[in-house]
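Please view the sequence and structure first.

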Amino acid sequence: MDGRRSRAAGAVTLLLLSLLLVGSCSADDTIQIFAASSLQDVIPKIIDGYPKTGDAPKIEIVYGGSQTLATQIELGAATAIFLSANSIQVDRLESHGLVKERMPLATNRLVIAVPNDSSLADITGLTADGIRLAIGAVDVPVGALTQRVFASLDESMQLQIRQNVVTEDPNVRLVLSRVQIGEVDAAFVYRSDVIAVDDLRAIEIPIDVQNIYTGALIKKAPVSAAELFAFISSEVNSSIWNEKGFETVSSQ
Amino acid sequence: MISSGWNWWTILPVLFGIFFTLPLIGLIWFAITDGNVAAELGSRTTWDALQLSIVTATLTLFLAVLLGTPLAYLLATSNTGWSRLVATLLDLPLVLPPVVSGIALLTVFGRTGYLGGLLSEVGVTLSFTTAAVILAQLFVAAPYYIRAAYGGFTAMDHRFEGIAYTLGLSRWKTFRNVTLPLVWPALAGGAVLCWARALGELGATLLFAGSLPGRTQTMPLAILSAFESTAGIAGAVSIAIILVVSAFLLMVILHRFATPSGAYR
């Protein structure tokens with residue numbers, strides 16, 4: 001290939017590469033929120049009620065397991081607000097000096113999700129042979145909560161239930177999907193998750209453990225994000241939280 | 001290509017090559033400086049995951065070779081339209097995102113799946129077992145081996161086999177002494193790809209087999225779990241390095257077997 005054509009080929013390649021770079025730069029006035037997957041039904045509704053003026057910034061929400069999101073923030077993700085399913089993940093970010101402000105948002109109760117037509121009635125039913133259970137992995141907030149529940153059961157029941165666990169999944173919606181498609185007989189999820197779907201019912205757990213959903217405003221967040229954060233954590237949204245199955249915590 | 005000094009055609013490939021080596025070097029450097037490989041080497045979870053990964057990937061390879069070689073041979077030697085269609089279908093798992101492969105496996109072999117439902121009537125459940133890990137790996141990785149074997153069997157000159165038959169060799173003896181040495185490089189290359197792909201599988205096993213330490217938590221799942229835990233990226237990299245080194249050592253051994261030892265080169 002002669003000099004002219006190889007220069008042209010090189011120029012085209014450079015152009016394509018630079019398009020790649022330009023495409024990956026995000027808009028400056030977008031506020032990015034990282035939210036726990038169990039908040040998928042609550043946060044959009046809350047954001048809908050946020051009074052927006054003409055030049056209001058765009059709001060972008062990314063859902064995931066709180067522990068996954070916290071890791072990404074530690075590694076430098078340009079997020080303004082982090083809505084975690086427990087306080088541990090916010091503590092983690094605080095210890096790295098990444099939190100400007102934090103607020104408890106609501107609490108969520110752990111329940112056992114079973115199909116509507118299941119014959120299971122209470123937690124003792126989970127000790128039976130051949131029952132298959134899905135729980136969250138130990139670092140996922142719902143998984144950590146499940147471990148607390150297990151730890152407060154008596155030893156033989158704890159052992160029998162643990163033997164029936166077939167999977168420890170990385171986020172709560174995956175755990176929920178297992179029982180929805182009938183692969184497991186029961187799953188330990190949040191009450192809000194069961195309320196969000198039609199085909200499951202919740203078995204209450206007689207142990208009082210809850211996760212405290214905690215919001216954090218990340219350092220270096222723009223001023224518009226601080227206003228949004230104040231709105232999300234304000235009491236005016238309590239009815240939305242309650243409607244979706246959460247219990248609200250009165251602010252300190 | 002005749003060397004013509006530095007121009008776009010020599011610089012760009014070099015940059016591309018650097019693009020591939022940098023992340024691996026970064027991983028190794030990170031493990032040495034910020035990792036805690038020694039701690040992870042002593043961890044029960046890591047050893048369980050490593051053992052599970054290597055055992056399942058090897059069993060997957062074994063099944064892929066045992067069942068895939070005759071299949072590839074049949075497809076390569078029959079010239080009907082059916083065989084070409086089947087050959088294309090076998091490439092589909094390569095196109096599917098691994099998570100989709102996992103979901104597809106669930107719809108058929110899951111507890112309430114089309115076939116799985118029948119199996120659970122007789123008490124056999126496949127999902128969430130170590131067997132499920134192997135099935136998921138087989139689905140995503142076997143096509144790599146079958147493609148390579150198919151390529152080898154298509155490209156060889158089948159007249160040699162004809163000659164062997166006329167000289168009185170049985171089908172099996174012909175396959176072993178005539179066909180195999182001719183296609184060995186293709187089979188070996190496909191086997192290495194298949195094993196490596198099976199070892200690195202994440203999405204399909206997570207969906208179909210779940211993740212339970214000791215039973216179904218493979219190395220990729222253990223690495224992901226470490227990444228998301230308080231051990232963070234340091235923990236993940238440390239476990240990842242153990243996987244990389246183990247895989248590298250085993251691949252070196254596999255490559256030793258791959259060098260043709262037959263009379264025909």
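**Briefing on the predicted model**

Chain B has 13 helices and zero strands, where helices (H or I, at least four residues) and strands (E, at least two) are DSSP runs numbered from the N terminus. This is a predicted model, in which local features need pLDDT of at least 70, side-chain atom pairs count only at pLDDT 80 or more, and totals for chains, interfaces and linings use all residues. Residues are numbered from 1 along each chain as its sequence is written, chains are lettered from A and ligands numbered from 1 in the order in which they are written, and side-chain values use heavy atoms, with hydrogens and water left out.

**Chain B**

- Along the sequence, the pattern of chain B reads α-α-α-α-α-α-α-α-α-α-α-α-α.
- A box of roughly 70 × 70 × 35 Å, taken along the principal axes, holds the C-alpha atoms of chain B.

**Contact between chain B and chain A**

- Chain A brings 28 residues to the contact and chain B brings 23 residues, with contact meaning heavy atoms within 4.5 Å.
- About 2200 Å² is buried between the two chains, and carbon and sulfur atoms give 57% of this area; buried area is the accessible area (1.4 Å probe) that two parts lose on being put together, summed over both.
- B:Arg111, B:Phe128 and B:Glu228 supply 30% of the area that chain B buries against chain A, more than any other three residues.
- One salt bridge is found across the interface, a salt bridge being a side-chain nitrogen of Lys or Arg within 4 Å of a carboxyl oxygen of Asp or Glu.
- In a salt bridge, the side chain of B:Arg111 meets that of A:Asp185 (2.9 Å, N to O).
- On the side of chain B that touches chain A, α1 (8-34), α11 (203-209) and α12 (219-228) of chain B are the elements that give two or more residues.
- That side of chain B has eleven nonpolar, nine polar and three charged residues; Ala, Val, Leu, Ile, Met, Phe, Trp, Tyr, Cys and Pro count as nonpolar, Asp, Glu, Lys and Arg as charged, and the others, Gly among them, as polar.

**Largest pocket**

- The largest pocket holds about 590 Å³ of space. On a 1 Å grid over the protein atoms alone, a pocket is an open set of points with protein on both sides within 12 Å along at least five of seven lines, and lining residues have an atom within 4 Å of a point. Grid points are joined across faces, edges and corners, and a volume is the space filled by probe spheres set on the points.
- Its lining has 25 residues, and B:Val65, B:Thr69, B:Tyr145, B:Leu180 and B:Leu187 are the closest to its centre.
- α10(B) gives the most to this lining, with ten residues.
- By class, the pocket lining has 19 nonpolar, four polar and two charged residues.

**Salt bridges overall**

- Over all chains, the whole structure has 16 salt bridges.
- A:Asp91 and A:Arg102 form a salt bridge through their side chains (2.9 Å, N to O).
- A:Asp91 lies in helix α4 (residues 87-95) of chain A and A:Arg102 in strand β4 (residues 99-115) of chain A, so this pair ties together parts that are eleven residues apart in sequence.

Technical notes. On a 1 Å grid over the protein atoms alone, a cavity is a set of points where a 1.4 Å probe fits but cannot get out, and a pocket is an open set with protein on both sides within 12 Å along at least five of seven lines; lining residues have an atom within 4 Å of a point.
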